[in-house]
Protein chains: 2
Amino acid sequence: MEYAKMDKAALSAALNDAKKAYEAYKAEGLKLNMARGIPSTAQINLSQDMMDCMKDISDYKGNDGTDYRTYVGKIFDGAPEAKAFFADAYCVPADYIIVGGNSSLNMMYDTVARAMLYGVVGSERPWCKEEVIKFLCPSPGYDRHFKVTQSLGCELITIDMTDEGPDMDTVEKLVAEDPAIRGIWCVPKYSNPTGVTFSDETCRRLASMKTAAPDFRIFWDNAYGVHDLYEEQSNCDIFALSREYGNEDRIFYFASTSKITFPGAGVAFMAASPANLKQIRSVITMQTIGYDKINMLRHVKYLKDAEGVRAHMRRHADILRPKFDCVLNTFERELGGLGIASWGNPRGGYFISLDVADGCAKRVFNLMSEAGITLTDVGATYPYGKDPHDRNLRIAPSYPTVEELQKAIDVLCVCVKLAAAEKYLEA
Amino acid sequence: MEYAKMDKAALSAALNDAKKAYEAYKAEGLKLNMARGIPSTAQINLSQDMMDCMKDISDYKGNDGTDYRTYVGKIFDGAPEAKAFFADAYCVPADYIIVGGNSSLNMMYDTVARAMLYGVVGSERPWCKEEVIKFLCPSPGYDRHFKVTQSLGCELITIDMTDEGPDMDTVEKLVAEDPAIRGIWCVPKYSNPTGVTFSDETCRRLASMKTAAPDFRIFWDNAYGVHDLYEEQSNCDIFALSREYGNEDRIFYFASTSKITFPGAGVAFMAASPANLKQIRSVITMQTIGYDKINMLRHVKYLKDAEGVRAHMRRHADILRPKFDCVLNTFERELGGLGIASWGNPRGGYFISLDVADGCAKRVFNLMSEAGITLTDVGATYPYGKDPHDRNLRIAPSYPTVEELQKAIDVLCVCVKLAAAEKYLEA
């Protein structure tokens, strides 16, 4: 029965049940950190063989015989083998690609910083010379995206996430009106944290929309582009789509192997149109003599190509899928039909987003903390760390074992019921 | 006999001799690139064993048992093992250190960019909000330093290099007068390209000088801090020295293993005072979840400590020393006493700087090119790529074999004589 339809007595009974269950869990002295979406050790071990795939000195050479153990100035923007690999795995043109260091976040930060310092193709002046630069932040979203633009002085505008991606009616209206809006953060596949994959229509509207700013950019962070958990889903060819409308310069594309091989020791890349690349390269060549080509080669030799990545990601999925199933099944069983929570049904990625009753997320978070379970900070999924409805919780099921996870989600469901019963009783 | 004291007939004879020798070399159809200071393959091979020093999964753990194959947010500014290693090898306090990615140049670029976007400790506002930011560029110096500040919109001021480092009388006068001067580029040991190591007095004057700008910074690129070729020389403790005068915040210190292990796949670090570090960390934590900790561990496991680095660098020196000897002995034999060239006597580093007769560097460069030998671009060692005297040539002896090098320097000496004879005959 929905909590909203319960009378006081029923709510009190529900509250008492929840409290009793909660106290029992609390007495167990649990200790579990679910704050971050990091792969489990079993997943990390999947890539261990990569570390031994470079046997001889000849393995350290590019296809054309160039020794990659030293500076190779002409490939400061990435080894061609790595460009070909990412092009194959992500369906992006190889000659659109810059292969970077170990962090796509760093490439995104640098891309916003570069826009601030130099502008982008189409800018009248460096963005730091403008009075205000605004960024659209579909929320709930990825806290580190929002913080990059906040740190660099941008004003953040919250956009609702729908089941098909950002609320495009609002996006289209805002970007058409306000030339200070220069960018939008997007995670097009298995979005962090909702798990939503942008619909074809959303992609098309993003690619075609009219913007008041001539130098508007879509930061297309395809972090989970090959991170399918159930059926394999292809990637939107956002370059081809935006090219149809003459808007190809609009796209800054990013991804990395952080959640394919080793988080923090993988390889990141970005992709952009020829005009953008020309400008970006002219700056990057001042910034570095080149990124770590040995680590690029190591990844290419181990993962080989798109099919190699798919095979590898199936092994990840075999470990992750039972954890997602565990969370989703428990939510359905414990919270289904109560009207006090809703959640996404992600087919890949790293997160499950849970919306509890408005005004209850902080309460649930604190109850969980007191029971020894750390969740992602409430509000983290919104600009400035403030969830306007105080309702969103990001569940990161990857790190714990299925047993630990089952326990944590059992406790979570009890906390959600407890907080909701309190709320309805007070109302 | 000095060319300046020769009569026309003697000069004509010298020119003819040089021309004859030059044409003979040209007929050999040489092909040699000496433009960049890169280690030879023999030097690169010295570090190959490093790639096999991580055997078991346990090797991928920090001293406290933390698995470095995944994100470890709390050490976003570097693995403690790597901090301890660099502290030992470079005599810098471990808690002043941020360990970065593969490129110290990238850390320097980011440090200037960060100053532009946020300012530094003591700034009234971000540097990009100032009308003009000026940087002092001791020259001849490292072209990539100058280009970083040029790219980021700074005005570059040429400072003469002396045998003891930058001309400190001029430096002191300028920084005391002009608050727009916010920084100076320094390579304190075996400077690129002069090979000069700053004298104790130069270091003390840099540490103690009064600056009109409250946020003046010394970019202390100790690229060759452990790159001794003859006797081992200790590093100036620039932090202790500047601390004596209350100027510790003035120092941004940089170095990397690029010319210790693998250029482009090494590990870079920077060091700064606690106040600076606090500000830098607050930005870096927005920029990345962390740099490649596996590569950090790999370096620490292989090089171990200061003594390990010294032993490794002695092996480099054994390969490099004969090349430096070859160049210096040939210069002395062929150009000594002619008054048409002067050169440094580096005790380490990667370069030998050759000053030919004023107005002759470009001519020598072109003669060399026509004979098939590529030198570093003339002017590259000066701000904006313009050598005001057209006299400096940077010799990079590391990459060719001794035999190739001997030939190249023989040709070079002939070209220097040829250009000088032409000049004096025209005068």
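Colleague: What is the strand order in the open sheet of 3 strands, and what is its pairing?

Modeller: The order is β10-β11-β13 in chain A, and the pairing is antiparallel. Strands and helices here are DSSP runs (E, at least two residues, for strands; H or I, at least four, for helices), numbered from the N terminus. Two strands pair if DSSP finds at least two bridges between them. One caution: this is a predicted model, where local features need pLDDT of at least 70 and side-chain atom pairs count only at pLDDT 80 or more, while totals for chains, interfaces and linings use all residues. Residues are numbered from 1 along each chain as its sequence is written, chains are lettered from A and ligands numbered from 1 in the order in which they are written, and side-chain values use heavy atoms, with hydrogens and water left out.

Colleague: Thanks! Which are the edge strands there?

Modeller: β10 (341-343) and β13 (392-395) of chain A, each pairing on one side only. From one strand to the next, the twist averages 25 degrees.

Colleague: And what packs on that sheet?

Modeller: Helix α11 (residues 306-335) of chain A does, touching β10, β11 and β13 of chain A. Contact means heavy atoms within 4.5 Å. The direction of α11 makes about 20 degrees with that of β11(A). For such angles, axes are lines fitted to C-alpha atoms, for helices over the stretch in contact, and values run from 0 to 180 degrees between N-to-C directions.

Colleague: Over how many bridges do β10(A) and β11 pair?

Modeller: Over 3 bridges, in the antiparallel sense, with β11 covering residues 352-356 of chain A. A:Ser342 stands opposite A:Asp355 in β11(A).

Colleague: Now the open sheet of 8 strands: what is the order?

Modeller: In chain A that one reads β2-β9-β8-β7-β6-β3-β4-β5, with mixed pairing. Its edges are β2 (97-99) and β5 (165-166) of chain A, and each of these pairs on one side only.

Colleague: Are β3(A) and β4 parallel or antiparallel?

Modeller: Parallel, over 6 bridges, with β4 spanning residues 155-162 of chain A. A:Phe135 has A:Leu156 as its bridge partner in β4(A). Helix α6 (residues 168-177) of chain A lies across β3, β4, β5 and β6 of chain A, at about 150 degrees to β4(A).

Colleague: Switching topic: where are the cis peptide bonds?

Modeller: One runs from A:Ser139 to A:Pro140, with omega near 0 degrees. A:Pro140 sits in the loop between β3 (134-139) and α5 of chain A. Another cis bond joins A:Asn192 to A:Pro193, with omega near 5 degrees, and A:Pro193 is in the loop between β6 (181-186) and α7 (200-208) of chain A.

Colleague: How are chain A and chain B related?

Modeller: A rotation of 180 degrees, with 0.0 Å of shift along its axis, superposes chain A on chain B at an RMSD of 0.0 Å. That is the relation of a two-fold axis.

Colleague: Which residues lie nearest the centre of the largest cavity?

Modeller: A:Gly101, A:Asn102, A:Asn106, A:Tyr291 and B:Gly101, out of 34 lining residues. The largest cavity holds about 450 Å³ of space.

Colleague: And the second largest cavity?

Modeller: That one has about 130 Å³ of space. The largest share of its lining, 6 residues, comes from α4(A).

Technical notes
Least-squares fit on C-alpha atoms with pLDDT ≥ 70 in both. 1 Å grid on protein atoms, 1.4 Å probe; cavity = no way out; pocket = protein on both sides within 12 Å on 5 of 7 lines; lining within 4 Å. Points joined across faces, edges and corners; volume = space filled by probe spheres on them.
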